[in-house]
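Me: Please take a close look at one part of this model: a helix and the helices packed on it. Give me the overall setting of the chain first, then the packing itself.

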Amino acid sequence: MVGKSLVSIDDYSKEDYLKILELSAKYEKNPKQNILQGYVIATLFFEPSTRTRLSFESAVNQLGGRIIGFSDSGTTSASKGETLSDAIRIVSNYSDLIVMRHPVEGSARWASEMATVPIINAGDGANQHPTQTLLDMYSIKKTQGTLEGLEIFMVGDLKYGRTVHSLLMAMSKFKTTFHFISPDELKMPDEYKQHLDALGLKYHEHKDFTDIIAEADILYMTRVQKERFSDPIEYERVKNVYILKNEMLENTKKNLKVLHPLPRVNEITVDVDENKKAYYFTQARNGVYARQAIITSILGLNK
Amino acid sequence: MKDRKQLVVSAIKDGTVIDHIPAKELFRVIDILGLDHIENQITFGTNLDSEKLEKKGIMKLSGVFFKQEDLDRIALVAPDVKVNIIRDYEVVEKKVVEIPERIERIVKCVNPMCITNQEEVRTKFDLVTRHPVSIKCYYCEKITDANSMEIISSG
């Protein structure tokens, strides 16, 4: 991991995941240290993502590092037509590590070829967002005590949702049983199901989740967005099917936790927030520790 | 009549004969191999009858020899070509082509939102399956399959 970019969740092995999760727990116990003192981390957000940027910046600041960067490319030379590769080469001169988010898919991999410092991909369009996956895994490990052999229910937009795709790829290394709950138009793409088939992992597809979540260890909710539907009538027909309400959690397992990559709109009703099984806000806090673990690992600062 | 036929397929002394090119892919093969930039004598035939293919193309390149890795680049559009290496009018070696594990530059990524379609970035793919062919973009990680494959340029 040392000195290497993290662009895609597949860049790390199962051992790497476990190492990061172990370190995340260490940073959770002791998130304020001076381990990044003297380091400059660039956060280049070519498209805005306040939550992700604040999480990274909080992670760095708590460890005593300094941040340079921008939160919106409208204020940079990208708006004057500068290429991404020029921008990355220049910022490489100013920083020890670059965290970047960019709307174009594959931009982070390209940047990692241009940069002379490691890149952490904080989202490249619909493609990858590996630190989200690692914080999801940390949340799962922390609440379930293990990553092995869990029943993970994924709900909502399983076609375009990069977080569910990356989580599937990562958790497929841990004998997971998957349940996919989505409207027809937003089903889990075949390539991911073929990946599970090849590994001999079980998965089940459903159109509705009211009566089936009793088995779930993890309920991973995502947003069903109107613009994803070719047929607006179809959207209107299904939009309320994928909303989690508090009463639906009544007969679920004790250890069940509800995760969501956030931001949430209406797919989890507010009354769920008070339920002990709601975990999405803690999940967001876990993101800080996971990012501390990732950044310090790449910089080779963990003994 | 016989003389005429011999003219079309006239032998070369030294060089390379590439046979069983699907006729509709002939010009892409020329492009991929960069044959429009060389000065050697080249003879083409196209829309010839073939038992294996509907219509085939053939080319004879005098004094031209390819490295296997360069020949393999045409496997994406012409997987079943037969390549004969000619020395002193004799076939001294027969080769076939195989799609390489890493494909650079010759294919356009199917994803319009991919960095390779947004900035001047050379495409790079890893082979996923051979039959039918599908390749995965090194950058955006999307799969380009045989139906959506678009050849962009000579190397």
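Reply: Chain A has 303 residues, and a compact globule of that length would have a radius of gyration near 19 Å; the chain's value is 19 Å, so the two agree. This is a predicted model, and each value here is computed from it. Along the principal axes, the C-alpha atoms of chain A fill a box of roughly 55 × 45 × 40 Å. Of the 303 residues, 46% are buried. Contacts in chain A with a separation of 6 or more are 74% between residues 24 or more positions apart. The secondary structure comes to nine helices and nine strands.

Now the part in question. Helix α9(A) spans residues 280-298.

Take α5(A) to begin with. The crossing is right-handed. On the α5(A) side, the contact is made by Thr131(A), Leu134(A), Leu135(A), Tyr138(A), Ser139(A) and Lys142(A). On the α9(A) side, Gln283(A), Asn286(A), Gly287(A), Tyr289(A), Ala290(A), Arg291(A) and Ile294(A) take part. By class, this contact has six nonpolar, five polar and two charged residues.

From α2(A) come Ser55(A), Phe56(A), Ser58(A), Ala59(A) and Val60(A). They meet Gly287(A), Val288(A), Arg291(A), Gln292(A) and Ile295(A) in α9(A). The class count for α2(A) with α9(A) is five nonpolar, four polar and one charged.

Last, the partner chain. The contact between the chains takes twelve residues from chain A and 14 from chain B. The chain B side divides into nine nonpolar, three polar and two charged residues.

Note on methods. Residues are numbered from 1 along each chain as its sequence is written. Chains are lettered from A and ligands numbered from 1 in the order in which they are written. This is a predicted model: local features need pLDDT of at least 70, side-chain atom pairs count only at pLDDT 80 or more; totals for chains, interfaces and linings use all residues. Helices (H or I, at least four residues) and strands (E, at least two) are DSSP runs, numbered from the N terminus. The radius of gyration is taken over C-alpha atoms; the globule rule is 2.2 Å times the number of residues to the power 0.38. A residue is buried if 20 or more other C-beta atoms lie within 10 Å of its own, exposed if 12 or fewer, and partly exposed in between; C-beta atoms are placed from the backbone. Two residues are in contact if their C-beta atoms, placed from the backbone, lie within 7 Å. Axes are lines fitted to C-alpha atoms, for helices over the stretch in contact, and angles run from 0 to 180 degrees between N-to-C directions. A crossing is left-handed if the near helix is turned anticlockwise from the far one by less than a right angle, and right-handed if clockwise. Ala, Val, Leu, Ile, Met, Phe, Trp, Tyr, Cys and Pro count as nonpolar, Asp, Glu, Lys and Arg as charged, and the others, Gly among them, as polar.
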